[in-house]
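Hello,

Here is the structure I promised to pass on. My notes follow below it.

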Amino acid sequence: MPADSSSPTPSPEPTSPPLAGVAAQRPVSHERHVEANPTGRRLGILTLTALGVVYGDIGTSPLYALRECFKPEYGLTPTPDNVYGVLSLILWSLLLVVSYKYLIYIMRADNRGEGGILAMLALILKKDTQRRRGRAVLIAFGLIGAALLYGDGIITPAISVLGAMEGLKVVSPAFATAVVPLTVAIIIGLFAVQRHGTARVGSAFGPFMLAWFLIIGGLGLAQVLRDAHILSAMNPVWAVRFFALHGLHGVTVLGAVVLAVTGAEALYADMGHFGRKPIRTAWFWMVLPALLLNYFGQGALILGDPAAAENPFYMLAPRALLYPLIAIATMAAIIASQALISGAFSLTQQCIQLGYSPRLSIVHTSAREYGQIYVPEVNTALGIGTLLVVLGFQSSTALGAAYGIAVTGTMTITTILFFVITVYRWQWPLWKAGTLPAIFLVVDVSFLGANIVKVASGGWVPLVMGGALFLLMTTWKRGRLILRERLKEHAMPLDDFLTSLATGHIHRVAGTAVFMTSEAAGAPVVLFHHLKHNKVLHERVILLSIKTAEIPYVSVDERVSIERLDHGFARVTAEYGFMESPDVKEVMKLLQLQGLSAKPMETSFYLGREQLIPLHAARREGGLTMNIWRKRLFAFMARNAQSAAAFFQLTPNRVVEMGTQIEF
């Protein structure tokens, strides 16, 4: 069968010794190193870049967050007590969730510098002490969180661009009918340019978002200076009084307050690009002050003019500046959307490498920045999903419920996985490990509960999307496990095969044959088919397995391990991290450097292509199975996966594919 990065991750294989004296010839490593403690100019550059990539989502929340708190569905009137209470809730949500939870604690749980929910899951699964059922539950949590992040990638462009374009209603009610068409046009353009990559425009994101935060902070400051008493909302007593005044009904308002912290997951997911220090520096010195000034400015405006609660963000600006502000806000929304779209591409690459997605086309759009990738299939799905959401909901207000569930669901799962890390990885005593996550969980569950009640009014969207993606990911993973079992049943131990080869009369021809297999043991099925049909074997035979390690990057020195066998055979295992794309050409260069001859024009690659036949079969003794409809779904996904030759970047005219039927 073809080597498939979606096969289960094995225990790490023994690595080859470092390559000495060949540094100049060595293939370029994909391993990335982020400075642990950048200073001076380097810190400034990374901080500025982080502004554009990390903070686009949370930076556009002032467009709609405070406005949503005073929508009729919550029954809040813009009285001083309510305004002060809501502002206090927003302030302390930003401090507790973003500053305290993510920036101080969650970002400590890195997987060799990389963050994100799948990186956290891979970090947890390195431990073999957990019971099988416990691992299954943790994997389920991680996959659900990842699925909800895809929903976030669909909803964020929709709500951000709609929120920006709704400023046209402030200019004139006559523009109300243009909001949705203009949003659709912008979103179509946004997804259409993804194939060109973000390397060129990415350099401008940082300076633009710096200008954005200065503008929104300045608009808020001007209003705060007119009514400085609004700053008393910093006192958490106002939040307590708000709940005392409104009781359980007040808790439901958290469903809108949480919109102020959307994008917090990006801080953790993008940690590998910039490191902790630049992300923290950008937050505490620029993002947090600008957001608070703007929210408090909006609050002061509402106290002076309760009608401003209709759209306080745009009403902060002088009327003459509305058009430029709408244009700037639209650009900021596009940047926020770009960060989520790029994040979905990276998440897909991780899913493929960790075995939860079929092979898809991964296009590297930058020769200098390895993390710049484009996945056409995902881009199309996200684009269609975003357009359907815009056309279905028509306004950012209607999308608030859907957005809240996607965000709070992911945050809750992150807290649960963080607790597991404190116990199993950091060896914290249970009382300490339980106290901090318990505080985080109270906040997360409060936000989640406030949004769950809005399932019927739009919250079902991320739940349906997340459920569908979870089904696809688990079906693919289990299907690969079943297929692996079936292939093992037909495999011959390699020692037996070599023994039979010595006693047989197989003609050997010049050159090298590389048989790719997902199994690092036994003789691959495609090798038997080759001998059966062609009756010959090359002088040199390499059995190549490509495996995924549970770390983000594998250094080039540890990329391949070689086991030399009799009769010109060699068993080669190549390891890639879950943030990397396998490259067989690189592997072959490394093999030549270690003395394993494989000249490009004298090497043929043999791949297997399975035709899967689902059967209504009961579980075999000690074996795996799944429902027939899931088997058919798996077979459909396998048929539509990218070919192994393209995924592993093989030269087409050096590839031979051999088919086989497999009942499962």
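**Packing around F213**

Setting aside neighbours up to four places away in sequence, F213 contacts L51, Y55, G59, M286, V287, A290 and L291. Bear in mind that this is a predicted model. F213 and Y55 both belong to the largest nonpolar core, which has 177 residues. They are among the members that touch the most others there, along with L94, W283, Y314 and L544. There is also a second, separate core. That one has 16 residues, including A513, V526, F569 and M658.

**A patch on the surface**

Some nonpolar side chains sit outside. W92, L96, Y100 and I104 make up a nonpolar surface patch. Y100 belongs to helix α4, which covers residues 80-105. Its relative accessible area is 32%, so Y100 counts as partly exposed.

**Strands β3, β4 and β7**

Which strands pair with β3? Strand β4 does, in the parallel sense. Strand β7 does too, and again the two run parallel.

- β3 (residues 507-516) and β4 (residues 536-548) share 8 bridges. A513 has V541 in β4 as its bridge partner.
- β3 and β7 (residues 603-613) are joined by 4 bridges. V514 has F605 in β7 as its bridge partner.

Besides its bridge to V541, A513 is a member of the second core.

Start with E539, in strand β4. E539 and V509 are 30 residues apart in sequence, yet their C-alpha atoms are 5.7 Å apart in space. V509 is also one of the contacts of E539.

Now S604, in strand β7. Beyond residues up to four places away in sequence, S604 touches T512, A513, V514, H538 and R654.

S604 counts as buried, because its relative accessibility is 15%, under the 20% limit.

A513 pairs with V541, touches S604 and is part of the second core.

Best wishes

Notes
Residues are numbered from 1 along each chain as its sequence is written. This is a predicted model: local features need pLDDT of at least 70, side-chain atom pairs count only at pLDDT 80 or more; totals for chains, interfaces and linings use all residues. Side-chain values use heavy atoms; hydrogens and water are left out. A nonpolar core is a set of buried Ala, Val, Leu, Ile, Met, Phe, Trp, Tyr and Cys residues joined through side-chain atoms within 4.5 Å. Buried means under 20% relative accessible area, exposed over 50%, partly exposed in between (1.4 Å probe, protein chains only). Contact means heavy atoms within 4.5 Å. Patches are made of residues with over 30% relative accessible area and no salt bridge: like charges are joined within 9 Å, nonpolar side chains (Val, Leu, Ile, Met, Phe, Trp, Tyr) within 5 Å. Accessible areas come from the Shrake-Rupley method with a 1.4 Å probe; for residues, only the protein chains shown count as cover. A salt bridge is a side-chain nitrogen of Lys or Arg within 4 Å of a carboxyl oxygen of Asp or Glu. Two strands pair if DSSP finds at least two bridges between them.
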